[in-house]
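This report describes two parts of one protein model. Please look at the sequence and the structure before reading on.

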Amino acid sequence: MHDIIIKNGLIIDGTASRPFEADLAVKGQHICQVGRIKDTAAEVTINAGGCAVAPGFIDMHSHADFSLPVHPTADSLLHQGITSAVVGQCGLSPAPLLEETRQAVVGALGGFFSGVARTLPWDEWNTFEDYLAFLTGRGDSLNVLPLVGQGIIRASVMGFGEGRATPDQMAKMKAEVSKALDQGAIGLSTGLIYPPGSFTATEELIELTQIVGERKGFYFSHIRGEGDTLLEAVAEAIRIGRESGAAVQISHFKAARQSNWAKSPQALELIRRAQAEGLDITADLYPYRAGSTSLATMLPQWAHVGGPAETLKRLADPQLRQKMTADMQSGGYARGIEFQDIMITAAPRRTEYEGRFISDLATTSGQSPYEWLFEALLQTQLDMSMAVFGMSEENRLQEIRFPGMMIGTDGAGLAASGPMASGVPHPRNYGTFPRVLGRFVRDLKILKLEEAIYKMTGLPAGKLRLSDRGLVKPGLAADLVVFDPATVSDPATYDQPHRYAKGIVHVIVNGRFVVREARHTGNRPGRILQPTKP
Ligand SMILES: [Zn+2]
């Protein structure tokens, strides 16, 4: 007898080959049969007529490691059909924490994940192993592949200072990377626009990433620039891959701000050439025109030196405000961003700002947008996030077709009610995968359905060496999504983001229903996954 039989579905098997109608049976944690099933006895039988049956989606860029400790059911992700997520991104992971510096490091994380990071039970872990044991002991609804963040390690060893690491500091950081890899990290991530990643020289990154390369691990990077310096930043990531031997993933690919839109195809061409050279380098994106990050990212890099307490002191100094304004106008992340394109997404200490644009907030308060920004960062102790509308829709349509392009939410596991429903976070937290399937595949016909599913399943599983997942095939883990291609959609908007995807009917993780008839069951069958040995 089978545990689950899914009858009459259109199987999209994750290889990009043509869909076919078949039944599928699950026994225990695995898919046991695909085709005409004769022994129809099962605990649960589902008629999937009219629906697609695909491997569970793999989220290549997730910050759920900062939400899972307080919200293990990760509702906004499961309702998209996500069954596995690569976490520990952008140089930020909740571990390791070193005893001497943990308070400063934990304090500095608040501004990045407004509302969520501050509520984590930080005392539950020190090492990477502790953190993973915490997740495993309590159980999550999806599988997790954890990276260790370079920013966390550098902040723990060197603080938020600029400059090169001393040999002693370098040895300490390398030891921490090794230890995390021993304890379950699949690789290293960087966030090279965020301090202290932004203070780190390429050579230092290469030296650290070599440890990853030796173990055939992964280097995931929020690269050093996604606007004016996009091409240089892609070239840096390629160089790190070439000189370290690590497989490279360029995170949340984009060309930000209109003056840089022409760089998108050029950046993809750099990646294509590196692939042709034999390097393992791919990328992921979320299918939206706006990005989202901490509001403090707008400040020049020098304003971040020494950590958040120093930044707040500088924000209070009128002369330094003038210098910040001048530097934001002439270079760095903020250059060329219009304040009418920046929406506040989270401000737990000033919720009245949420959902409004800076240009509008500044007009209301009778300040210049710069003065408003500096005041708001002071009032909220940097604990604010924003969405920035700055990408080209036309570029997005081309980028998603790039052969090495996968999908990542850049989101966390939120929920449409309760404490995880606060603020107006980027809709990508709820809508990324269904938006690709609904808008890009069905409505705009940019990709075939099986090509899109491949980018969400077989392609990332191959990259990550998840040899038991990513395909609908007997013997593989039963991570499955049953969805309706005619209705799959993303009702989450910038104004009303806390809305679950539509058309995602059933989601099975390791053989157990986590979403059934479009409702989260509360089950937590997720596991920590590891790549198979090369
Ligand atoms: Zn990032």
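In which sense do strand 18 and strand 19 pair, and over how many bridges? The model is predicted. In it, strand 18 and strand 19 (residues 504–509) pair in the antiparallel sense, over four bridges. Strand 18 also has strand 5 (residues 52–55) as a partner: these two run antiparallel and are joined by four bridges.

Valine 481 shows both pairings. Its bridge partner in strand 19 is valine 507, and alanine 54 stands opposite valine 481 as well.

The side chains of strand 18 (residues 480–483) point in two directions: Leu480 and Val482 go one way, Val481 and Phe483 the other. All of these residues are buried.

The zinc ion has Cys90 (SG), His222 (ND1) and His252 (NE2) as its protein donors, and they lie 2.1 to 2.3 Å from the ion. Along the chain, the donors follow the spacing C-x131-H-x29-H. Cysteine 90 and histidine 252 link distant parts of the chain, as they are 162 residues apart. Cysteine 90 is in the loop between strand 7 (82–87) and helix 2 (102–109), while histidine 252 is in the loop between strand 12 (247–250) and helix 8 (263–276).

| Residue | Relative accessibility |
|---|---|
| Cysteine 90 | 5% |
| Histidine 252 | 2% |

Buried means under 20% relative accessible area. Cysteine 90 therefore counts as buried at 5%, and histidine 252 counts as buried at 2%.

Notes:
Residues are numbered from 1 along each chain as its sequence is written. This is a predicted model: local features need pLDDT of at least 70, side-chain atom pairs count only at pLDDT 80 or more; totals for chains, interfaces and linings use all residues. Side-chain values use heavy atoms; hydrogens and water are left out. Buried means under 20% relative accessible area, exposed over 50%, partly exposed in between (1.4 Å probe, protein chains only). Two strands pair if DSSP finds at least two bridges between them. Donors are N, O and S atoms within 2.8 Å of the metal (3.2 Å for Na, K and Ca); water is not among the atoms, so sites may look incomplete.
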